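Hi,

Here is the structure I promised to pass on.

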Amino acid sequence: MGTFLKMLELQLRQSLLGQGLKGEPNTPLIVSYAVTRACNLTCIHCHVSARQAMPDELNLKEAKMAIEEMHSLGTEAVIFSGGEPLIRKDFVLQLIEYCTDLGIITAMLSNGLLMTPHTALQLQEAGLKVVGMPIDSVVPEKHDYIRNLPGTFEKTVQAIKTCLAIDLEVVVTTMALKDTYTEMPKRLEFLYDLGVDEAAVYDLVPVGRGKDVMDNAMTMEQRVNLIRWLQSRQEDTEMTFTMSGGTPLYPEIASEMHRNHGTKAKDLLIKEFWIHKGIGCHAGNMYFSLRPNGDVYPCTFLPLKVGNIREQSLTQIWRNAPVLNTLRQRHTLKGNCGSCEYRESCGGCRGRAYACTGDYLETDPVCLRDLMRQEGIAPTDVKRFGWCVG
Ligand code: SF4
Ligand code: SF4
């Protein structure tokens, strides 16, 4: 089935049937596959500490076998990431084509430095649906500081223009940090003027090199202010905003705030990767992360290896890994998340809980419960989860 028809089918299933993509529990609907750890940047907050390729990255045959198995498990979307996936361009192009033939929607996260007009066309022709690229500040020096290389701002802006020029959809990923979050109005205006119609605002999760810059994570007050501002900004723009990096309930919170405030944008918030299934953190529930060497993790932000596809089949890992099975049982959560009325529909960010406490079942210290209560969002109102993958 072509990607367009597939998208249509997914959207109809969501809007008319009000159910998950397959309506089945524990289906890995979305997989994030880091095709290489090699990167042409060393960003200061990189959660996979990318730099050099792993010595034992999967070859094409192994990767295709993994994708075939994802397909038989019910995977609907694969997000290719890295490192920088375009460092293995031919590899990734062949995998995108393979997914497209199987009817799997594909997205790719790239820093844009290798995005030439020819490459953008090749990606589009292979069937890539959307490419995510980062802009972390409208002040070029600040963006370049975060990306750890002068000149990257200009190159990424050019890459965004290159993709938009051929109507290849772009989602800009953008870090909200303590010292740059007030810049968000200017930043989103800049992106809008570029022609970008979706921005994914990232919060910092203390994983990989992200641990070294946690002093610059937003305060809780800033985070709540940002969510309120994004929601109000949504009222008068055609752009769509999401929040990622451990904020899985943002789409639902924003939608409910709109409903309560009598403002618009509910429809704008329903995007293709947001699925009716009130589970909040989908790590191990409807999502997993595949590493370049075949290691499987519940989420790219939760560095707990649950198996390797060279040693076991993906199906065995997905069905039997104890950590994955525990993540599917919210009554096993501890601390504030364990006793919370939003436990089933939110569950907290398991990656952040693990990073901050050493126990993936413990309290997520970044909790939006107070905001949800203030906004009158009942636990049963939460019906869908966001695309918060790295
Ligand atoms: S305590 Fe907070 S983070 Fe944990 S489940 Fe409840 S609302 Fe979610
Ligand atoms: S652990 Fe859960 S909430 Fe955190 S980033 Fe992963 S999927 Fe999102």
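Housekeeping first: residues are numbered from 1 along each chain as its sequence is written, and chains are lettered from A and ligands numbered from 1 in the order in which they are written. It's a predicted model, so local features need pLDDT of at least 70 and side-chain atom pairs count only at pLDDT 80 or more, while totals for chains, interfaces and linings use all residues.

Helix H2 covers residues 60-73 (helices are DSSP runs of H or I, at least four residues, and strands are E runs of at least two, numbered from the N terminus). Its buried residues are Ala63, Ala66, Ile67 and Met70 (buried: 20 or more other C-beta atoms within 10 Å of its own; exposed: 12 or fewer; C-beta atoms placed from the backbone). They span an arc of only 100 degrees around the axis, which puts them on the same side of H2 (the arc is taken from the directions from the helix axis to the C-beta atoms). The face turned away from that side carries exposed Lys61 and Ser72. Strand E2 (77-81) and helix H3 (89-102) are among the elements covering the buried residues of H2 (contact: C-beta atoms, placed from the backbone, within 7 Å).

As for ligand 1, the residues around it include Cys337, Cys340, Cys346 and Cys367, along with Arg343 and Asp364 (near: C-beta atom, placed from the backbone, within 6 Å).

Elsewhere, Ala176 touches Tyr181, Met184 and Leu226, among others, leaving aside residues up to four places away in sequence.

Cheers

Methods. Expected span 1.5 Å × (residues − 1). Contact = placed C-beta atoms within 7 Å.
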